[in-house]
Amino acid sequence: MRMLINVPETVVADALRGMAAAYPDLNVDVENRVIVRRDAPVAGQVALVSGGGSGHEPLHGGFVGPGMLSAACPGEVFTSPVPDQMARAAAAVDSGAGVLFIVKNYTGDVLNFDMAAELAEDEGISVAKVLVNDDVAVTDSLYTAGRRGTGATLFVEKIAGAAAAEGQPLERVEAVGRQVNENSRSFGVALSACTTPAKGSPTFDLPDGELELGIGIHGEPGRERRPMMTSGEIADFAVNAVLEDMPPRNPVLVLVNGMGATPLLELFGFNAEVQRVLRERGVAVARTLVGNYVTSLDMAGASVTLCQADEELLRLWDAPVRTPALRWGM
Amino acid sequence: MLDADFFRRWMTATAASVDREAERLTALDSAIGDADHGSNLQRGFTAVAAALDKEAPQTPGAVLILAGRQLISTVGGASGPLYGTLLRRTGKALGDATEVGAAQLAEALRAGVDGVMALGGAAPGDKTMIDALVPAVDALGTGFTAARTAAEEGAQATTPLQARKGRASYLGERSIGHQDPGATSSALLIAALADTAEADGE
């Protein structure tokens, strides 16, 4: 597998150096692996800290900036960051108003963020946590680690970030984050596996003419393998899987998210099919975002995330944001 | 009796063994996880060996506490906190003694394994590192060699199991038929302990 890298051991550090060069609004600590908005801490505002394994770019570092995250902590590829990173980030961004950790529900992320919360609290920082677990492909039961956090992470980070930017207190920002997560569901499909730099070959074997339904964002195989389907058939399957789990009440925010190797041409075509299914099911669409936001290295495929948004969530979604990957209104 | 140097050599032997087996661990992890278990533990135990060289802790407990702290700070993922907790708890249970007996180590290791179960929420049979560690600790009363055999058998016995914890649990029944990478690396840790003891004629 050919990759645009030097050596596998330095991919994360190399990417951080490149981000630092591209985005002067960010303070990138390459050695300690913390990305902080340059004007942090912002007086009177709750700070948002997220993080996770690398390989999902632009998540999370690309969402650092006014109106969204205060800091992000990238781990090794597909490996959660270590507690020291989040503790350092929390200390860098806390204005005294407290810090909200946004954590995708994976065993490693949860354990490391919990340990980081203890470290930060020892330093007198108030920490709250929102767990993102939106993936309907995983049964949430005693027999799994619970649902995975995927596309809804973007909605949680944007909307809670807007609440924080308005000066809302920590309990409110946390409650908004939880509300977004509880009202969001995702489903993803893969047309190819992805290749981690450390391994150098695809993480699973997907024969020609087949696809994986219900994948996560770490190159793990999905729940089910089927003969290849058309964009329209995939949209039917994915949207129905989401709606079965969450019958819609409010208009929805739609995220049609690329997994990394699917061209925008295909993603826009897929979005047309997603909107068709929603129309057929009588679901009103408030806003739509199409692009590569929560990726899985070079995996081909897409995920659909729906978030039921009441007027308040919609207002916060529309609020100004200025980050490398999401930017409007300022 | 086992002194600080014995524990340092155990950790160094683990680092060497993880180095040798990294590709196999990653291959196992790629079948039911995310293909990074080998490289993550390699990074962690390399840091452990370097820290022990530099700081030279004076008691068995201090060696394991330092090793655990290094793993927590360098590995990430679930294995960082879980292996870090295993070694830290074991080290704390050993207290300040400058030398410990095999029975004391067995008891301390049980405290470490209990710590891992409390943190990760896994029980025997969930297809995790616990499936190698619990039989190993049970067998440690009989001897180091018995512990190594029990850990290896425990790791192999995870193959027909369905994963209930960690990332492999997302696969449901598709996790059946693959040996668990965490149980496999736990067996390496116990094998390194037995190797170190045998080299000492313990």
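Predicted model: local features only at pLDDT ≥ 70, side-chain atom pairs only at ≥ 80, totals over all residues.
Residues are numbered from 1 along each chain as its sequence is written, and chains are lettered from A and ligands numbered from 1 in the order in which they are written.

When I say helix or strand, I mean DSSP runs numbered from the N terminus: H or I of at least four residues for helices, E of at least two for strands. Strands pair if DSSP finds at least two bridges between them.

So, in what order do the six strands of the open sheet in chain A run? The order is β1-β2-β4-β3-β5-β6, with mixed pairing. At the edges sit β1 (26-29) and β6 (127-132) of chain A, each pairing on one side only. From one strand to the next, the twist averages 20°. For angles, axes are lines fitted to C-alpha atoms, for helices over the stretch in contact, and the angles run from 0 to 180 degrees between N-to-C directions.

Back to β1(A). Four bridges pair β1(A) with β2(A) in the antiparallel sense, and Asn27(A) stands opposite Val36(A) in β2(A). The hairpin of these two strands has four residues between them, and there Arg33(A) takes a positive phi near 60°. Lying across β1, β2 (34-37), β3 (47-54) and β4 (71-77) of chain A is helix α1 (residues 11-22), which runs at about 155° to β1(A).

Now look at strand β5 (residues 99-104) of chain A. How many of the six residues of β5(A) are buried? Six of six, and the strand is mostly covered. Buried here means that 20 or more other C-beta atoms lie within 10 Å of a residue's own; exposed means 12 or fewer, partly exposed is in between, and the C-beta atoms are placed from the backbone. Val99(A), Phe101(A) and Val103(A) point one way, with Leu100(A), Ile102(A) and Lys104(A) pointing the other.

β5(A) has a parallel partner in β3(A), joined by four bridges, and Ser50(A) stands opposite Ile102(A) there. β5(A) also pairs with β6(A) in the parallel sense, over six bridges. In that pairing, Ile102(A) faces Val130(A), and Val99(A) has Val127(A) as its bridge partner.

Zooming out on chain A, the domain assignment, which is automatic or from a database, gives domain 1 (13-183) and domain 2 (184-308). Their C-alpha centres lie 23 Å apart. The contact between them takes 21 residues from domain 1 and 30 residues from domain 2, where contact means that the C-beta atoms of two residues, placed from the backbone, lie within 7 Å. On the domain 1 side, α4 (152-165) and α5 (170-182) of chain A each supply at least two residues, and α4(A) gives the largest share, four residues.

Why is helix α6 (residues 130-140) of chain B called largely enclosed by the rest of the structure? Because 10 of its 11 residues are buried. Among them are Ile130(B), Asp131(B) and Leu140(B). The cover over the buried residues of α6(B) includes α5, α7 (144-156) and α8 (181-199) of chain B.

For contrast, take Ala50(B), in helix α2 of chain B. Ala50(B) counts as partly exposed because it has 13 C-beta neighbours inside 10 Å. Its C-alpha atom is separated by 9.2 Å from that of Thr12(B), 38 residues apart along the chain.

Last stop, where the chains meet. That contact takes 27 residues from chain B and 31 residues from chain A. On the chain B side, α3(B) gives the largest share, three residues.

Thanks, everyone!
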